[in-house]
Amino acid sequence: MTGSRLAVSRVQWLKRLGQRRRDRVAFVFSGGGPLGALQVGALKALVERDILPDLVVGTSVGAVNASSLAFEPSALGVQQLEESWHQLVGTDLFPGSGFMANWTRMLRRGDRVFDNAGMKKLVETTLGSGATFEDAQIPLGIVTTELNTGAERVFTSGPILDPLLASTAMPGAFPPVTINGRRYIDGGVVNNVPIAPALAMGASTVYVLDTTAHTQKGRPLIRPMDYLMHAFSLSRGQRVIVESKFLESDRVKIVMIPVVPLDFFVPFTSFEHTSMFIERSYERTSRFLDAREQSEQPSTTRVLEAVTPSN
């Protein structure tokens, strides 16, 4: 090969290397209550293959997982997150004699069935008292909904506690959270799978950990309240279906991590299936990532052959 051809090949190689270095990887975490354990299994598979985020964005329980990872974006951080999930029980976050016993409070005056003391304790135990976004090792976005207007608000700076309490404040279940004079509730009301905020924060490759895709067993429709909650779930899921069709482009890559299909309904106060969720999600995500790598290997090989100098 002539010197000029070698120079061209080297320029092309450096250009591709520069593009890879500019690629910013985001992990996006949906809401989903106890199904958030599925995200832990997916994370284990991702970090095993050295796929790590440059930034993270989360909604509701996904905001809790995202925050934990932002403070320790490594295999160790995922291990610590898994240990936290294994220690969770329903009464930690939903104090009282049981959800059904407390559900009658929905008919009384007030803004919640449960207080958020359990969630506050979880956040402070996981991240430390007084933690701020600036303390995180990588950029973090927490999605909330402004109660009066319905506007999406993504917090990225300042204290973390209140935005996390707001993002996990399921309407009616937990109280709204006041931040700088405005009241905020669960981010899943307006954006349950926050892909667009991740792109706005500079991501060019987005791994989406959506636990609420419609491969899950639906809520049994028995009471009027069941229909209300089911409709809310359907509404939350529509934005990502519509949005993802328009967000991916030549400059943006969206990788949808497959959701583990479940043949039973999971109440949002139940954490009894955590171990199974983590294991099943790890296995399914591992198979997906391995198959994806194999399918990309031929094109990668051709590129390498095209720029490898001959003897």
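1. β2 and β3 (residues 140–146) run parallel, joined by 4 bridges; strands count as paired if DSSP finds at least two bridges between them. T59 sits opposite V143 in β3. Helices (H or I, at least four residues) and strands (E, at least two) are DSSP runs, numbered from the N terminus.

2. Bear in mind this is a predicted model, where local features need pLDDT of at least 70, side-chain atom pairs count only at pLDDT 80 or more, and totals for chains, interfaces and linings use all residues. Numbering starts from 1 along each chain as its sequence is written, and side-chain values use heavy atoms, with hydrogens and water left out.

3. On its other pairing, β2 runs parallel to β1 (residues 25–29), again with 4 bridges, and F29 stands opposite G58. Getting from β1 to β2, the chain goes through helix α2 (residues 37–48) in a right-handed β-α-β crossover (clockwise from the first strand over the helix to the second, with the strands pointing away from the viewer).

4. M201, in the loop between α9 (195–200) and β7 (205–209), touches L55, V56 and V57, among others; contact means heavy atoms within 4.5 Å. Its C-alpha is 8.3 Å from that of P139, 62 residues away along the chain.

5. On confidence, the chain averages a pLDDT of 82 (the predictor's per-residue confidence, from 0 to 100). Over residues 299–311 pLDDT stays under 50.

Notes
Lists of a residue's contacts leave out its neighbours within four places in sequence.
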